[in-house]
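The sequence and coordinates are shown first.

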Amino acid sequence: MTEPAATLLVRNVGRLVTCDPERGAAPGVVEGGAVAARDWEICAVGTEGEVAAHPLAADAVVVDAAGNAVVPGFVDAHSHLVWLGERSDEYAARAAGRSYEEIADAGGGIRATVAATRAGELEELVAAARPRARRMLRSGTTTVEVKSGYGLEDQAELRQLAAALALGQDPELPEVLTTYLPLHALPEGDRAGFVERACTRGVERAARLARFVDAFCEQGAYTVEECARLLEAGRRVGLGGKLHADQRSRGGGARLAARLGAVSADHLEHAGDDDLAALAAAGVVGVILPGASLVLGGPPPPGRRLLEAGARVAVATDCNPGTCYSESMPLMVALAVALGGLTPAEAVVAATAGGAAALGLTDRGVLRPGRRCDLAILDTPHWLDLGYHLGANPVRTVIRAGRVAAAG
Ligand code: NIG
Ligand code: FE
């Protein structure tokens, strides 16, 4: 029986970075490689000669990588992509010595974005987020997680989720997975009633629009008890758990994520080694957000510490208007190495296969037959340039689900 013909061939790849542990030492490089896909699914990966043995449809799209490197599409597992308003004044104020907390206490910070975002119509939210999503795709991101969290009350939170899902329908933007983040900014007034509504009506409504539920577990934000209640309520309606944990202080967030079997615990700058060991033992992926660590100062992102604790690591942008206004996964790879202590190979795996694990996805993040054909062709033969060439966008062409989504 002949195999079904491929509809896409990416050939003449100098170094094919598969991120597949079955290909030996990370990041699983094949020299002189190629990838073939049928529709959205990879059907052959290997050397040019191996992949050439696979039948190719007469009308297949053939992309010549011109000797450059290819990596799996980045999976950005933590972003706050949908927002209105702008906070460049806070950036300048922090540079002049005011802290993130001082700005938040004075009514700025997350609440400033909430005031602008909750007033926006769905179309305005989509229009504001679209160019950010396009920059993500152009820098190699083929899947992004997008959180609510700037709506504060029900309808505005759900509108943010709907806007994120609308973006993901566009084949020239990354695929979107959504997370309901109702416990982010504190409400004015009745806090207990607000938490109660999020844990009842909120999660029930969000269950149709989101895959995960998340909370900001922090001094000045929400307590371990409030976050536990939300994640448990989310679990009852089928939402996986995520947590902003131990970002600005050691407050028990990582422990809670481990106890509840969350999919991921994110930030973790202040988590202790025993907290990270608890995450590892519970199979919770640690997501480092080195852009936010850089902007806010404080302890470095615990990339190396997570690996030493035996945990799975992902690196993500945290793209948001307060702590990290960046869509670039190549920049996060660079920062994961420079600040988080990962090797370049570990950082690239954290940005691809690690991101997929942090979203509970087993169909992407590595280049292997049967997985989604999401990949980025670089403009350089050296995959190390992802982290080494600071501030550049080394991505030339992006394939999402077996189709060219951006061509350089
Ligand atoms: O992940 N830590 C809380 N949330 C965001 C920041 C959001 C904002 O400042 O608007 C974060 O860093
Ligand atoms: Fe965040």
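## Basis of the model

The model is predicted, so local features need pLDDT of at least 70 and side-chain atom pairs count only at pLDDT 80 or more, whereas totals for chains, interfaces and linings use all residues. Residues are numbered from 1 along each chain as its sequence is written, chains are lettered from A and ligands numbered from 1 in the order in which they are written, and side-chain values use heavy atoms, with hydrogens and water left out.

## Ligand site

Ligand 1 is surrounded by 15 residues, where a residue is near if one of its heavy atoms lies within 4 Å. Arg87, Tyr100, Tyr150, Gln247 and Thr323 are the closest. The shell comprises 4 nonpolar, 9 polar and 2 charged residues; in this division Ala, Val, Leu, Ile, Met, Phe, Trp, Tyr, Cys and Pro count as nonpolar, Asp, Glu, Lys and Arg as charged, and the others, Gly among them, as polar.

Polar contacts are pairs of N or O atoms within 3.5 Å. A polar side-chain atom of histidine 184 is 2.8 Å from a nitrogen atom of ligand 1. Oxygen atoms of ligand 1 are approached by polar side-chain atoms of aspartate 318, at 2.9 Å, and of histidine 244, at 3.2 Å. Taken alone, ligand 1 exposes 330 Å², of which the protein buries 100% (Shrake-Rupley method, 1.4 Å probe).

Side chains of opposite charge can pair when their charged atoms come close. Across the whole structure, 27 salt bridges are found, each being a side-chain nitrogen of Lys or Arg within 4 Å of a carboxyl oxygen of Asp or Glu. One of them joins aspartate 64 to arginine 11, with the closest N and O atoms 4.0 Å apart. This pair links distant parts of the chain, 53 residues apart: aspartate 64 belongs to strand β4 (residues 56–64) and arginine 11 to strand β1 (residues 6–17). Strands are DSSP runs (E, at least two residues), numbered from the N terminus.

## Backbone geometry

Between alanine 26 and proline 27 the peptide bond is cis, with omega near 5 degrees. Proline 27 is located in the loop between β1 and β2 (29–38).

Alanine 66, a residue other than glycine, has a positive phi, near 55 degrees. Alanine 66 lies in the loop between β4 and β5 (70–72).

Conventions. Polar contact = N/O pair within 3.5 Å; in protein donor to acceptor, adjacent residues only side chain to side chain. Helix = DSSP H or I, 4+ residues; strand = E, 2+ residues; numbered from the N terminus.
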